Amino acid sequence: MKESPFLSTEEYALELDNGDDLARFREEFYLPDGGIYLDGNSLGMLSVRAERSLLDALNDWKRMGIDGWTQGERPWFYQAERLGACLAPLVGADAEEVIVSGSTTLNLHQLVSTFYQPEGNRTKILADELTFPSDIYALQSQLRLRGFDPDEHLLLTASRDGRFLEEDDLIACMNEEIALIVLPTVLYRSGQLLDIPRLTEEAHKRGIMIGFDGCHSVGAIPHWFSEWDVDFAFWCSYKYLNGGPGSVGALYVNRRHFGRLPGLAGWFGSDKGKQFDMELSFLPAQTAGAYQIGTPHILSMAPLFGALSMFEEAGIDRIRQKSLRQTGYLMELLAVELSGHGFAIGNPPGDARRGGHVCLEHPEAARICKALKENGVIPDFRAPNVIRLAPVALYTSYHDVWRAVQILKRIMEERTYERYENKRGVVA
Ligand SMILES: *Cc1c(COP(=O)(O)O)cnc(C)c1O
């Protein structure tokens, strides 16, 4: 795309759309009529392709009943493995290292119960205080199950400013008492992208296993988990991957660890050729498939076939380039149009450290979000003061970004947000 200098005009937004080589994917999505959806980092939107692959699965059930497991359009028995292979290029892994199964939190339980092996003085788990709470609850309960007090055995690296983590601080916490480290790839609130290869290398130098929660990066950012030698990772598929509400999550296990017994075993972790022998001794698959537990949630997986085919066509590198360009453009517009209205940018400004969303801070964030929604812009609020705005490369246009900023500007100038209570809703 030709580089013309940034302008805050509508014409410039339209010019950016004209030069956008991913623009054609937008028309494949169901988007709110006249509205602007900027919440794809919480729940990605439905595409025609995802809808079709879900309907295909329903149709197989309708036509074939039980035979859908082996003879359907996409035989259900192999879906988790096939979708794992579709996801592998997005995380820099071999097909056998990724499986679609469970949910983020469930997969974290599975992986911690597998990889947390306290020994001697090495009994602690290291995480960070800005992590998504569900991850912390899971780690606390895993420690309790092993008879450890989470207050003593879960170490949370502190943030210096409440927004970001310093890799130096994380590394300083990697002492000889740590058995396992679990960190996010991208922080859910500030959108900070951590230096995954550096943290992995430093953990391994000290003999510590390390795994990453990729909820806020998979589908927005390329990863090279195998090259970086990450031990394991897990993520959801309903945010940037557009798999639908409650769609099935995924996990990565480095092939170095194949054959390690799952902490939580179940028959769907079996070697697939042996599963239906119904033997009472468990023979696990020699792949990431071993970490499945029970029958896969076929209908919550099916939309992923359609959704992931778009990532294959678009390519994750082009998606990342557009995402960076859109969040950069959004930040420039905010600086020009909304200065003097009390906003602060709470995400890292630089491309190397920025995830897929812009974190806009304001003391009145809760009611500004309500006013935005009332005016057709769908943002996402995170207490106490964060408005997350995620332009999604596959379906957000530059013109959407431009219009959203114009609407926000009007809300601030006319102070219409003051009509709402500054309180969050039940789901926010
Ligand atoms: C969205 C998200 C989760 C949610 O976990 P589920 O088990 O899918 O409900 C967990 N961790 C992070 C970092 C998230 O962003």
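Which polar side-chain atom lies 2.6 Å from an oxygen atom of the ligand? That would be one belonging to T105. This is a predicted model, where local features need pLDDT of at least 70 and side-chain atom pairs count only at pLDDT 80 or more, while totals for chains, interfaces and linings use all residues. Residues are numbered from 1 along each chain as its sequence is written, and side-chain values use heavy atoms, with hydrogens and water left out.

**Around the ligand**

- S103, T104, T105, F132, D135, D213, C215, H216, Y238 and K239 surround the ligand; a residue counts as near a molecule if one of its heavy atoms lies within 4 Å of it.
- Sorted by type, this shell has three nonpolar, four polar and three charged residues. Here Ala, Val, Leu, Ile, Met, Phe, Trp, Tyr, Cys and Pro are taken as nonpolar, Asp, Glu, Lys and Arg as charged, and the others, Gly among them, as polar.
- The protein buries 85% of the 390 Å² that the ligand exposes when taken alone; accessible areas come from the Shrake-Rupley method with a 1.4 Å probe, and for residues only the protein chains shown count as cover.

- A383 and P384 are joined by a cis peptide bond, with omega about 0 degrees.
- P384 itself is in the loop between β12 (380–382) and β13 (386–389); strands are DSSP runs of E with at least two residues, helices are runs of H or I with at least four, and both are numbered from the N terminus.
- N242 is not a glycine, yet its phi is positive at about 60 degrees. You'll find N242 in the loop between β7 (232–235) and β8 (250–253).
- N242 has a relative accessible area of 4%, so it counts as buried (buried is under 20%, exposed over 50%, partly exposed in between, using a 1.4 Å probe and protein chains only).
- R415, another residue other than glycine, also has a positive phi, near 55 degrees. R415 belongs to the segment after α15 (398–414), and its 46% relative accessibility makes it partly exposed.

**Arginines in helices**

- R367 is part of helix α14 (residues 365–374). It counts as buried because its relative accessibility is 18%.
- A polar atom of the R367 side chain lies 3.3 Å from the backbone oxygen of E418.

**Sequence versus space**

- From R320 to L334 is 14 residues along the chain, and their C-alpha atoms are separated by 21 Å.
- L87, in helix α4 (residues 79–91), is buried at 2% relative accessible area. L87 and G120 are 33 residues apart along the chain, with 38 Å between their C-alpha atoms.
- S8 and E332 are 324 residues apart in sequence but 8.2 Å apart in space, C-alpha to C-alpha. S8 belongs to the segment before α1 (10–18) and is partly exposed, with a relative accessible area of 25%.

Conventions:
Polar contact = N/O pair within 3.5 Å; in protein donor to acceptor, adjacent residues only side chain to side chain.
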